[in-house]
Amino acid sequence: MFNYVKSWVEVVRVKFFIAGIPSIVLGASIAYYYFKIFNIYGFLLTLLGISLAMAGCYLFNEYFDWKSGVDVIIDEDDVTPFNAGSRILPLGRLNPRSVLRAGFVFYMAYIAVGLYLTIVCGLPVLILMLLGIFTGALYSAPPFKWAYRGFGEFLIGLTYGPLITLGSFYVQTLSIDFRNVVPPSLIPGFLITLVIWINEFPDFEADRKAGKLNLVVRLGRERAKYLYYLLVCLPYLTTVVSVVYGIMPLACLIMLATIPLAVRNCIVLSRRYMDSKGLIPAMSGTIKLFASATLLLSLGYVVGW
């Protein structure tokens, strides 16, 4: 029984729920900066809804990546804690159809929370929820299979950046403010794209053989590493420009403290981009960069000077 429960915890990928939390915090922090309000119930419902959506998304990804064969044919030397899924389905620890059904259950629960928030807060919640389903649920699932067509990285950045941040801000304020919310929301968007990007390096050979033509496969690892370097600069450039033009408070410059971590990740990538196991420090470091930079940016809004 313990192993069965553990398998479900692993396949739902609970440890990766951190992907959605920083952007929720950022949206609420921006709302606090401009309106000096914090609706704890709205925040918790947003957190619940996004967590349910992430669980559904991860389960769909596990099932459809197993079905396509990409998680089956990958060489064990290329498997790390950050890529190739949870390994639950390739190892036969759960029934694939049960995993797919669980994905639908989580998405139905997500829709229920979203509909409740729509009734309480207004139509924008419904619009953002539907966009989230379009980008997240169909990341690996047919008919769109965004991750297989070279759109996955962009859509994940859009979802975990602007969509979640705007949704969190709206639930707090019942208003949409593109000018003041979109620029800071781009920062977690860029950073989560980096997480997806570097995690695709160890999957390169399996993705190529299975026809999962993401951007790293299309570019090749040699050229893809340079896009990582470019993407890692964009959050800092966005922050500095936004502060200069008065879109973000000066205190948001605190996120520049993460630059040494970003540099270390780039150094590891430049040296070990062909070595899956050797990339582990940069892969974990990129997750830390996403979380720490977004939360420090949120702190800048809470401090508010």
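Let's start with the cysteines. Searching the whole structure turns up 0 disulfides, a disulfide being a pair of cysteine sulfur atoms within 2.5 Å. Take Cys 233: the nearest cysteine sulfur belongs to Cys 266, 7.0 Å away. Cys 266 is in no disulfide either.

A word on the source. This is a predicted model, where local features need pLDDT of at least 70, side-chain atom pairs count only at pLDDT 80 or more, and totals for chains, interfaces and linings use all residues. Residues are numbered from 1 along each chain as its sequence is written, and side-chain values use heavy atoms, with hydrogens and water left out.

Buried or exposed? Buried means under 20% relative accessible area, exposed over 50%, partly exposed in between (1.4 Å probe, protein chains only). Cys 233 has 45% relative accessibility, so Cys 233 counts as partly exposed. Cys 266 has 15%, so Cys 266 counts as buried.

Now the cores. A nonpolar core is a set of buried Ala, Val, Leu, Ile, Met, Phe, Trp, Tyr and Cys residues joined through side-chain atoms within 4.5 Å. The largest has 73 residues; Val 11, Tyr 160, Phe 201, Leu 289 and Leu 297 touch the most other members. Helix H8, residues 178-199, supplies the largest share, 10 residues. Another core, of 21 residues, lies apart; its members include Leu 52 and Cys 121.

Back to H8. Helices are DSSP runs (H or I, at least four residues), numbered from the N terminus. Of the 22 residues in H8, 18 are buried, so H8 is mostly covered.

How values were computed. Helix = DSSP H or I, 4+ residues; strand = E, 2+ residues; numbered from the N terminus.
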